[in-house]
Amino acid sequence: MLAMGDTARKADIINPKDACLTLKEICFLAVREHYAALGIEAVIDLPTPLIKGLLLHLTVCQLDELQPALNKRGISTHAGWIGVLQEMRGLNHAINFHTEEEAKHEVMRIIFTLVFYGYTSQFVQKNITHLNTPSFLLAAAKCIKYFSLDTPVESLTSERRHLLKLLEKGIRTVCVSKCMDPSDRKTDLYVLHRLLDHGVAKKVVIDVKCSLMLSWILLNRGSQFVSPELRSLMQRKMATCNLQAYSAIADRASCGLCIKTAASEDQDDHVVPCKRLKLDCVEEKESGKANLDVDLKFLCQTFAPREGPSAGACPWGQIECLEIRKCVSDTFTVLNNALPTCFFLRSLTLHSITSFRDADVLGLAKALKTLTGSCRCSLTELSVSVLPYAGLLEFLLDANPHLTSLHVEIQTAMLGSRLLLRHPGAEDPDMPELPLQKLSVKVAELQLTDLHFITNVLRHSPHLTSLHIAGMRLPTGSSQSLLLSTLSGSNQLLRSLHLEDVKLSDCLPEILNLLRNCKLEELRLNDCRLLERWSNKQESLHQLVCALRTLPSLHTLSLAQNRIAKNVCVLADLFSGPSPSPLKRLNISSNFILPAELLEFSRRLRKHPPPQRLTLDLRKNPGDRDPDTWSSALHRLQPFCVSLVEGWSSSNTMADYISNM
């Protein structure tokens, strides 16, 4: 290691504040500083322990370059990418990325956005010499899968044109986060066109209220609907024959947008503009033969779906996933008219911070029913939030009986105050068997008179493998036992169960029966007030632990926010006995576990350590009550646990905890 730099050079790269650095750390910093001169071979030939230590000191570009060679040696760069994330977010922020690629993508996505758009951050400023370079942007552009059209992107059509080619090959999701007028923002539309039509992007996220933009995106991707807003814009541009602005709207179909920069594109870009349709339109205009109606008809024909691209025309990318984060009534107007012919859609997500109008949701259900009536329909995943009342869940299922994944959030209203289920309070015998595999129902500020609106769906979903229910509260004196009994009897293929803000303190027998009848891989019982009514909390928790230990498939368990506190030691028994649990992840965050209790838990766990390294989530527990004891407990857990911890301030958060106790 001493050969990596002489004493003088080492002194040059050492900050005076870092005088306590060890010799090994000094050498690591020398490698980072003189990496280009040393070469990749000198690094990968180092012993494995030294390489693992070195990873935490390398730049992002160095990690990216070394990763393939290190992977061939069986060495993961995961620790290096996690180290970068911790430096960006702070040591008190728990990093929850389990694989090398997940961590790397998150690093590249964040830093690429900051550098590309010129945003500032402490991390970028500190490492600006390594990040604001063509080599970093090239490296990041090769691996990121998500791109946001935020501020103007003119550089992608000029000095950074080479980046656009790389983005086309890798970007899977494009986010439109600003309003774009199809007649004014031609550069932005050109980049969007290249990513969607020339690239591999299949998902579009619209994070802005702009029905005109939605209409432009959907047009000619299966939908023939032209919104009145877009129709008016087309008429204005064609009436004035302003072909420069018009090309941003109409000639997208024949590569008019690519004509804008074709002259400056490299020859290997393979963009061959097709000008015939545009010239035909111009000739008709100049000859005076075409009126406004004919022009609009021509424009719609230009946008009409084709079996394949004609000679010289741009390809048409298909959007398989559409997510609209700020839905308003105008959005539904465009969407509900376009949906019946959107055969390309596989997944649709609609979200608003306020409850949708009844008429908009019923219109959506009608459009979905028309779409699913076609054998060409591909839609199998639907997410809608926020529904104004629970009864609309049934309307959505009736509209698309082929759904395999459904997520709904329900805002405020009493079940029964508007549209009732056809058979309230009893099972619906007319409901067909549903192919649902994933179901998520979140309820806010809603007290249900009974559970039948959800148990009816569960009984008719024998293929269900994932269920998430949050906030479903019953009147005082009622129990969630019916929900758990239904799962035990009707949904034995269940692999993932997540119950959140659902009172289960009187349902221990039903929970134990469910664990015996299902082969769960993930179980999350968060904020379920499990111990609230258990007379013997330790004994009841021990029964739960024994039942969990019998599940050979269980790899993730979350008991967050259940006031386990001093009873946490019982959870160490998960790994005792002849058949220890195969758990990989255990979440006991927000349980008011004091330092002394965690220390005792660590002692018990040390006697019966997990069979494999355990990711242990300890966030939002009051470790600052006794920092030394808390640190000692974490030190004892270190050999067999990856502990996720964040800073805790009892003075700031105690009031919140007391209010929930």
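Reader: Which residue takes a positive phi just after helix 14?
Author: This is a predicted model, in which local features need pLDDT of at least 70, side-chain atom pairs count only at pLDDT 80 or more, and totals for chains, interfaces and linings use all residues. Residues are numbered from 1 along each chain as its sequence is written, and side-chain values use heavy atoms, with hydrogens and water left out. Helices are DSSP runs of H or I with at least four residues, strands are runs of E with at least two, and both are numbered from the N terminus. Just after helix 14, the residue with a positive phi of about 70 degrees is Asn220.

Reader: How many residues of helix 14 are buried?
Author: Buried means under 20% relative accessible area with a 1.4 Å probe, protein chains only. Those that qualify include Met213, Trp216 and Ile217. Helix 14 (residues 211–218) is largely enclosed by the rest of the structure, because its buried count is 8 of the 8 residues.

Reader: What percentage of the residues of the protein count as buried?
Author: The protein has 29 helices and 15 strands. Of its 661 residues, the buried share is 52%.

Reader: Is helix 6 roughly parallel or roughly antiparallel to helix 7?
Author: Axes are lines fitted to C-alpha atoms over the stretch in contact (heavy atoms within 4.5 Å), and angles run from 0 to 180 degrees between N-to-C directions. Helix 6 (residues 60–72) and helix 7 (residues 78–89) pack at about 165 degrees, their axes 10 Å apart. Angles under 35 degrees count as roughly parallel and over 145 as roughly antiparallel. Helix 6 is therefore, relative to helix 7, roughly antiparallel.

Note on methods: Parallel < 35°, antiparallel > 145°, perpendicular 65-115°, else oblique. Buried < 20%, exposed > 50% of the residue type's maximum accessible area, 1.4 Å probe, protein only.
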